[in-house]
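Dear colleague,

I am passing on the structure we spoke about, and below it you will find my notes. Please read them with the coordinates open beside you.

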Amino acid sequence: MNWRRVRAIFRKELREYRHNGNIIYAMAILPLIFLLQPLIEAFTIPSNGSASLRRENSLLYMLAIPVLVPAALAAYSVVGERIQGTLEPVLSTPIRSEELLFGKALAAFVPSVVVAYGIFGLFIAAVELFAHQGVATALIRGPDLLAQLIFTPLLATLSIWVGIAVSTRASDPRIAAQLSLLASLPTVAVTSLIAFNVIPATLHVALGLGIVLLVLSRLGWRFATALFNRERLITQVR
Amino acid sequence: MSGESAAGAQTGSHALALSVHGLSKHFGERIAFEDVSFEIEYGEVFGLLGPNGAGKTTTVRTLGTLIAPTSGSAEVAGIPLKAENGVEIRRRIAIMPESPGLYLRLSVAENLRCFADLYEVPDPEDRIDRALHAVKLADRADDACGTLSKGLRQRVALARALLSDPKVLFLDEPTSGLDPAAARDVHDLIDEMRQRGVTIILTTHRLWEAERLCDRVGILSTTLRTVGRPDELRDRLFAKTLTVKTLAPLADPDHVFAGIPTLDSWRPDGETGYVLAVSNTQAAAPAVTRALVAVGADVLSLAESVHTLEDVYLETIDHNQEMDNQ
C-alpha cells in the first residue's frame, strides 16, 4: 500500500465533497432525521416517565447515522468517477485498485464518523441542557455511550465497503445510492432492535456484534476490491 | 519537464519505446483489434489512424495496461506487458484520453496536485508550476476546471500527462471537438514535446494533423493495414506522375516523351493534357520541359501529382474493405 497515493485520493475526495452541494445535503439531512426522533422523545416524556426509558437503549437508535451517511457517500465513489469520466485518467496512473478503494473508503469514513459523533454530542448536550433531569439520567448511560463510541466506526466501515461494492457494479449513481441504502437496512434493523430492547444489549451481544462487524468489514474490503474490475469499468463491457 | 528522462530510457540509438507483436483484443465474439505488430523508437511521434471502431482507443488502453490483451505480446517503455508489471509500466507512461476527465469542481492546481501525488513526483509544486507554464495556463491555476473552455481543459489534461515526465505519452484524439485555434495550440504543444524527445503515440481522425505531426503512421482497421512514413506510404501506393498541359495538342507525343529519363509510361489526359508516370520526378521534370520547348510546344503547366495522407488512408481502407468483402 502506497500511502502517498492513498492520501492523494483521500484529499481529492474531501475537496470534492466540499464543493458538492448534493453530498453536503445528504450528509446533513440523514443525521438530522435520526436526531429528531430521540430529541422529540426526550423533550416530551415527563420526568416521571423516565422509567420506561431505562428499559430501552434509545441512544443506540442513533447508530443508524454511521450506517446510512457513509453508505450514501460510498455509493457515489466509483460510479460517480465513471460517470464524470475521471476514472480512466486515475486508473492510468500507477495506483493499485486497493489503494484507490482504501483512499475512497477513508474519505467516506472520516466525515461520516465526525458527523455521527457530532450529532451524538449535540443530542447529549441538548438532553443535558433542556430535558428533565430524570430523563437525561435515564437516557445517557455509560454503557450506551461506550457502545456508541465503539460501534460508530465499526458500522461505518462495514457500510462503506458495502457502498463501494455496490458502486463498482452500478451504472447510475442514484441507483447505487438506493441499493447501498437498501443493503444497509439489515444493519439498521439490528441496531434498532437493540435500541428497543428486542435484542438484549448485553456485553456478550456487544462483543459478538463487534467481532462480526470486524470480520464482515475485512471481507467487505476484499469483496469490493475483487469486484473492482478495471477493464469492465473502463470499457463498460460486462 | 525536460526531455532528459525520456532520453534517459534509451539504451542505444535504436532503443524501442514500444514493441508490439501479434497483439489482439477480443470482447467475447467481438474483435477490437487483431494481430497488431509494430515498433516505435524513443523520440518518435507515431500516429495511429483508423475509422471509428477500428480499435485505436482499445489499442492505447491495452498498451497502457488498462485492459488485458487476449493474445500476443508487447514491451512498453522496456517492460513486458503483463498484469504484474502494470504499476511499473504506468509509472513510465502517461495517457491522455479523448475526454480530459478532470475533476470539474476542483481547481486546475488541485487536479494536478492529485495526479502529481498519484505519480509520486518529487517536488510536486515545482513540477505543477512547470507543467502549467508548458501549457501556458500558469495564470489559471486557481480556476475551477468546470469554468474552463474545452480547449483549456484539454490543455490541463496535457499538463497532467506531462507531470510525471513520461517516457511514452499516449494521446487519444487530443484535438477531438476543438475549434481550429485550440487545435493549433495543442499541435504546438505536441511539437514542443517532440522537440524535448518525448515519444508520442497519437490517435487521430484528422489526417492532416497526423501528416503534420507524425514521423510515422500506422493505419488500423481491426488489423494494422500498413505502417510507414507518410511519404513512404505515398510512394508505396501511388505512382509518381507529371501532368503536362499544352496550348495545342502535340503532333507526335511518343517522339516528344521518348528520351525522358525514368519515364515508365504516358497517357493522354483530354485533348491537350498528358500524364507521365515516372519513377523520379526531379530527374524527369526538367527533361520534359526541355523536350516540349524543343518541339516548340506552348506549355501551360507542368505539375507533379501530389497525394496526401488522406489519399493513402482512403486507398488503404478501401483496398482492404474490398479484400475483406471478397
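The notes that follow take up the contact between the chains, then a sheet, and then a pair of helices.

Please bear in mind throughout that this is a predicted model. Where the chains touch, 24 residues of chain A are in contact with 25 residues of chain B. On the chain A side, α1 (3–19), α5 (87–91) and α11 (230–235) each supply at least two residues, and the largest share, eight residues, comes from α1(A). Sorted by class, that side of chain A has seven nonpolar, seven polar and ten charged residues.

Within chain B there is an open sheet of six strands with mixed pairing, in the order β6-β7-β8-β3-β9-β10. Its edge strands, each pairing on one side only, are β6 (93–96) and β10 (223–228), and neighbouring strands are turned by 15° against each other on average, if direction is ignored. Strands β3 (residues 45–49) and β9 (residues 216–221) of chain B run parallel and are joined by four bridges, with B:Leu48 standing opposite B:Gly218 in β9(B).

Also in chain B, the axes of helix α4 (residues 108–118) and helix α6 (residues 150–162) come within 9 Å and cross at roughly 30°; since angles under 35 degrees count as roughly parallel, α4(B) and α6(B) are therefore roughly parallel to each other. The crossing is right-handed. Here B:Val108, B:Asn111, B:Leu112 and B:Phe115 in α4(B) meet B:Val156, B:Ala159 and B:Arg160 in α6(B), a contact that by class has five nonpolar, one polar and one charged residues.

With best wishes

How values were computed: Residues numbered from 1 in each chain as written. Chains lettered and ligands numbered in written order. Predicted model: local features only at pLDDT ≥ 70, side-chain atom pairs only at ≥ 80, totals over all residues. Axes fitted to C-alpha atoms, helices over the stretch in contact; angles between N-to-C directions. Parallel < 35°, antiparallel > 145°, perpendicular 65-115°, else oblique. Left-handed = near helix turned anticlockwise from the far one by under 90°. Contact = placed C-beta atoms within 7 Å. Nonpolar A, V, L, I, M, F, W, Y, C, P; charged D, E, K, R; others polar. Pairing = 2+ DSSP bridges.
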